[in-house]
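Please find my notes on this model below.

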Amino acid sequence: MGTVYAIANQKGGVGKTTTAVNLAACIAEAEYESLLIDMDPQCNATLGLGIDKHTTPTVYDALLGDTPLADAIVTTSIPHLGLIPAGPDLAGATVELPRMPGSENRLREVLAPIRERYAFVLLDCPPSLGPLTVNALVAADRVIVPVQAEYFAREAPSFGKPVIHYDPHCAGADAYFELAKEVAARG
């Protein structure tokens, strides 16, 4: 069974999405089967991998509908990396999830049938401690808490690519490769 990491911090602008996208890409580059789940209604992880934010189905359809999470997996341009996209409708989950009994376990439940397919699952959380982040934390085995974004964290996502594909020899790419090595070593 793979390891699930939540990339979380209730503060915005600290590099959660940058970390999630680049760490997922680095892990996939090392040929580990990886899955990135965009839990943020802003859809930046989805867009950061070059996927349209209106792609369906999304994580919302699995959390609050009858869609199996496996049906929402999108193939990315990066071998070994799948994505479950977010869409603007995910914002409604912050109101709808708390109405469901045991809602904090919903992501863990829908992830269970596909978890064994992946060595690593990364959950890109929104900048709040609301129901989506709580679901990610409950589903996660481990948590990475980014605390500061550096200058070169904003450029590559605007091109719909992880930094390791945009500028693989820059300091940011090197740092994400080192983080990926540490994550892989810890399992």
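1. A disulfide is a pair of cysteine sulfur atoms within 2.5 Å. How many disulfides does a search of the whole structure find? The search finds zero. The cysteine sulfur closest to that of Cys43 is in Cys125, 14 Å away, which is too far for a bond. For Cys170 the closest cysteine sulfur is in Cys26, at 10 Å, again too far for a bond.

2. Basis of these notes. This is a predicted model: local features need pLDDT of at least 70, side-chain atom pairs count only at pLDDT 80 or more, and totals for chains, interfaces and linings use all residues. Residues are numbered from 1 along each chain as its sequence is written, and side-chain values use heavy atoms, with hydrogens and water left out.

3. Are these two cysteines buried or exposed? Buried means under 20% relative accessible area, exposed over 50%, and partly exposed in between (1.4 Å probe, protein chains only). Cys43 has 1% relative accessibility, so it counts as buried. Cys170, at 15%, also counts as buried.

4. A nonpolar core is a set of buried Ala, Val, Leu, Ile, Met, Phe, Trp, Tyr and Cys residues joined through side-chain atoms within 4.5 Å. The largest one has 30 residues, and Ile37, Leu69 and Leu123 make the most contacts inside it. Two or more residues each come from strands S1 (3–7), S2 (34–38) and S5 (120–124), and from helices H3 (59–64), H5 (106–111) and H6 (131–139). Helices (H or I, at least four residues) and strands (E, at least two) are DSSP runs, numbered from the N terminus. H3 gives the most to this core, with four residues.

5. Ile37 deserves a look. Leaving out residues up to four places away in sequence, its contacts (heavy atoms within 4.5 Å) include Val59, Leu69, Ile84, Leu111 and Leu123. A second, separate core has 28 residues, among them Cys26, Ala28, Leu49 and Leu83.

6. Of its 14 residues, 13 are buried, so H1 is largely enclosed by the rest of the structure. Glu31 follows H1 and has a positive phi, near 70°.

7. Thr46 sits in helix H2 (residues 44–48). At 0% relative accessibility, Thr46 counts as buried. A polar atom of its side chain lies 3.0 Å from the backbone nitrogen of Ala86. Beyond four places in sequence, Thr46 also touches residues including Asp38, Asp52, Leu83 and Pro85.

Technical notes
A polar contact is a pair of N or O atoms within 3.5 Å; within protein, one must be able to donate a hydrogen and the other to accept it, and residues adjacent in sequence count only if both atoms are side-chain atoms.
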